[in-house]
Amino acid sequence: MSEDRYTELDRMRFTKNTKSSRLAYLAILFDVLFFVSVYKSDVENYYYTITIGASIIYNLVFLLITFLASEGVKNYKKSYSWVMFVLGAIQIARIFIIPLNAHTTVLAGGPVMDTFQFIRLIVYLVASAACLFLSAYLNLQKSRALDAHMASLQGQQA
């Protein structure tokens, strides 16, 4: 192992995983943009359903769990990577719930959601998921490297 790589791994013991953490914050930002874009819409009574209520509750839970996971990956904890992978998959699945249903529903006054808003919502959800996936992947890589480095340090002390 080169001395630069050894130094980089050794520094990880004392520094935070800010790249993964910031990607999680970015995922939160994209989710907030999605949230605002959907809930500012008011098309007749379309948005006054149990689906929207569940979506609001999910958004709050998503924000809390993602923030918690961002703190976990900041400290190189692998288990939070798996949480982020699941959250990313749910973000992708959400495309097929509110945005797709609203885009394909036509009321007397016209479509519930126009094509521009539909595409924008898909971009927000995909971007949020991509940030979560990348954050989780980077954290897994870094935490495995740090674990291996810590094990080698334990072997040197013995």
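Let me begin with a term: a residue counts as buried when its relative accessible area is under 20%, as exposed when it is over 50%, and as partly exposed in between, computed with a 1.4 Å probe on protein chains only. By that rule Arg94, at 7% relative accessibility, is buried.

Before going on, a word on the source: this is a predicted model, in which local features need pLDDT of at least 70 and side-chain atom pairs count only at pLDDT 80 or more, while totals for chains, interfaces and linings use all residues. Residues are numbered from 1 along each chain as its sequence is written, and side-chain values use heavy atoms, with hydrogens and water left out.

Arg94 sits in helix H4, where helices are DSSP runs of H or I with at least four residues, strands are runs of E with at least two, and both are numbered from the N terminus. Leaving aside neighbours within four places in sequence, Arg94 is in contact, meaning heavy atoms within 4.5 Å, with Asp31, Phe34, Ser55, Tyr58, Asn59, Pro99 and Leu125. With Asp31 there is also a side-chain to side-chain polar contact of 2.9 Å; the term stands for a pair of N or O atoms within 3.5 Å, of which, within protein, one must be able to donate a hydrogen and the other to accept it, and residues adjacent in sequence count only if both atoms are side-chain atoms. Between Arg94 and Ile122, which are 28 residues apart in sequence, the C-alpha to C-alpha distance is 9.0 Å.

What does H3 meet in H6? Here Phe62, Thr66 and Val73 of H3 face Ser128, Leu132, Ser135 and Asn139 of H6, which divides into three nonpolar, four polar and no charged residues. The axes of H3 and H6, residues 115-157, come within 11 Å and cross at roughly 25°, which means that H3 is roughly parallel to H6.

Lys74, in helix H3, has a polar contact of 3.3 Å between its side chain and that of Glu71. Not counting residues up to four places away in sequence, Lys74 touches Lys16, Asn17, Ser21 and Tyr25.

Next comes Tyr76, in the loop between helix H3 (50-74) and helix H4 (78-94), which has a positive phi of about 60° although it is not a glycine. Tyr76 is buried, with a relative accessible area of 11%.

Finally, Pro111 belongs to strand E2, residues 110-111, and is partly exposed at 47% relative accessible area. Apart from neighbours within four places in sequence, Pro111 is in contact with Thr105 and Val106.

Technical notes
Axes are lines fitted to C-alpha atoms, for helices over the stretch in contact, and angles run from 0 to 180 degrees between N-to-C directions. Angles under 35 degrees count as roughly parallel, over 145 as roughly antiparallel, 65 to 115 as roughly perpendicular and the rest as oblique. Ala, Val, Leu, Ile, Met, Phe, Trp, Tyr, Cys and Pro count as nonpolar, Asp, Glu, Lys and Arg as charged, and the others, Gly among them, as polar.
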